[in-house]
Amino acid sequence: MKLSPAVLAGSLAVRQEIDYNSAPPNLSSLANSSLFETWRPKAHVLPPFGQIGDPCMHYTDPETGLFHVGWLHLGAAGATTDDLVTYHDLNPDGQPFIVAGGTNDPIAVFDGSVIPSGIDGKPTLLYTSVSYLPIQWTIQYTRGSETQSLAVSSDGGRNFTKLEHGPVIPSPPFAVNVTGFRDPYVFQNSQLDSHLGSAPGTWYVVISGGVHGEGPSQFLYRQHDPEFQYWEELGQWWHEPANSTWGSGGWAGRWGFNFEVSNIFSLDENGYNAEGEVFTTLGAEWSLDPIVPQVSDFREMLWAAGNISCEDGRVKFVPSMAGKLDWGTSAYAAAGKELPATSKASEKSGAPDRFISYVWLTGDFYGTLDFPTNQQNWTGALLLPRELSVGKISNVVDNELVRETGSWRVASNNSGIVELATLKQEIAREALAALTSSDSFVEPGQTLSASGVVPFQQLPQSKFHVITTSISFPQACRGSNLRAGFQILSSEHESTTIYYQFSNESIIVDRSNSSAAANTTNGIDSRNEAGRLRLFDVIQDGQQQVESLDLTIVVDNSIVEVHANGRFALSTWAR
């Protein structure tokens, strides 16, 4: 999702005092920057001011071991971290390391990715250079509007200097009527090397988009020369029919009409492994009929795992399972990168090679809400870093719950007891350890047999806290209308309720009472959020029972992240 290049300017005005004990006024009537601290998170990454866009351009600097995290902001900006907890802006005041305005990119800089040791051994950025707008899958594509260009950093990533020649990938494949052609992601893959007879360590690029009248696609290219000047087109290595679904669509949304921000990487149960199972994360855009020009009704952040095959001399990616990386409707545009065990962050924590992904949480629902942006003077954030790996669900009863086409696959079967594989995603260990390192308290366990609200014996004293819990359910709950969960951020006038509902196998974040300000101010989204999580029947201590619900709820002022069972995430706002 690419937003307007216009960004809020910083404000030096004295901020207006707000009486938080009175009913909120129309917040759009307040002075600029008066809401700057009201909902600002502390544990999430965002610029000092203004709008943050897609995360992108991450890499580990081989000279320093620092992990560079990038995002779209006035072009593209970023920060470095040696622990995935504290981040240091690359440039003063969050200024960008690359901006639009060159020969190849007179209009905008879109997403890209970095080869850590590229041209002359220096960090080399391949990014989408934009020459024409608008670009949208619902309208005719302007040829030449999106090209892929190179830039190199010689100062530790503080600046990327564009090469003085034309784009290295100057156009989509010949005579293909694309819906988009952007967000190049560079990666290495031993399976592709074997299928294509490439030299070990060859770099590949996947570019996201689609074909008008046919559906979304990932376009694959291969490095041709050591200077990365030429890239061999390998065709659409993955294509789906327009607006089709994985299975019934209940577990992985829709493939839509256009792919964006695709990443390709390989995982095993420990984390990143160049020879592991192939995964992709991707954004999917789609709309309901009638389709309105330059409008995407829905954007979904998806993942898929699959197999690589060779058909008629062309490599193809065929999914074996798929799901949602984040069920939040404002969560989109994930970007990740391998974080080696030799990086500073991993050396400190003792972590192995990992794949770390960041998801964007848009602050104004992709620019469609009339949120009081000037009063806040910042918009959006990156969600907490996540470690991705192959997850296993053991001792599962082989019944109809297993056999549906979903966000899992059967890895093994032993006399009616199966092990399932899925994408495991958890908050990065360093970030979670830091969030839970301060004073804490434990609520005693309870067995509830009647409906009602049971207050905690002790309550969090701030809007910055983490709740971890495990909830067990009797077998009789299966298919019932039972709901169980928690109220957070609760006061006399506001509360947000997070609960699991068996009837539709969903975790729901009820925001209908989250914001008193929503009653007086347009643009504060209070719609409920929901995502699907199946709790399987498992064998434990020789008995069949419903898989427990293990929750981690992160409250960072207005950002709420709900993580469950190592395979579910739903992120949203409570303002």
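User: What makes two residues count as being in contact?

Analyst: Contact means that heavy atoms lie within 4.5 Å. In this predicted model, Leu84 meets that condition with Phe67, Leu339, Ala345, Arg354, Ile356, Tyr358, Pro385, Ala428, Glu430 and Ala431, once neighbours within four places in sequence are left aside.

User: Why is Leu84 called buried?

Analyst: The relative accessible area of Leu84 is 2%. The term buried applies under 20%, so Leu84 is classed as buried.

User: What makes a set of residues a nonpolar core, and which residues touch the most other members of the largest one?

Analyst: The largest nonpolar core has 75 residues, and Leu84, Trp237, Trp255 and Phe279 touch the most other members. A second, separate core has 25 residues, including Ile471 and Leu549. In soluble globular proteins, nonpolar side chains tend to be buried together.

User: How do you know how many disulfides there are?

Analyst: A disulfide requires a pair of cysteine sulfur atoms within 2.5 Å. By this rule the count is 0 disulfides.

User: Are Cys56 and Cys477 buried or exposed?

Analyst: Cys56 has a relative accessible area of 2%, and Cys477 has a relative accessibility of 8%. Buried means under 20%, so Cys56 and Cys477 are both buried.

User: Which strands form the open sheet, and which are called edge strands?

Analyst: The open sheet has 4 strands in the order β14-β15-β16-β17, with antiparallel pairing. The edge strands are β14 (258-267) and β17 (314-326), each of which pairs on one side only. Neighbouring strands of this sheet are turned by 30° against each other on average, direction ignored.

User: How do you know that β16 and β17 pair?

Analyst: The requirement is at least two bridges, and 11 bridges join β16 (residues 298-311) to β17, running antiparallel. In β17, Val315 is the bridge partner of Cys310. The hairpin of β16 and β17 has 2 residues between the strands, and Asp312 takes a positive phi near 55° there.

Definitions and conventions. Residues numbered from 1 in each chain as written. Predicted model: local features only at pLDDT ≥ 70, side-chain atom pairs only at ≥ 80, totals over all residues. Heavy atoms only, no water. Buried < 20%, exposed > 50% of the residue type's maximum accessible area, 1.4 Å probe, protein only. Axes fitted to C-alpha atoms, helices over the stretch in contact; angles between N-to-C directions. Core = buried A, V, L, I, M, F, W, Y, C linked by side-chain atoms within 4.5 Å.
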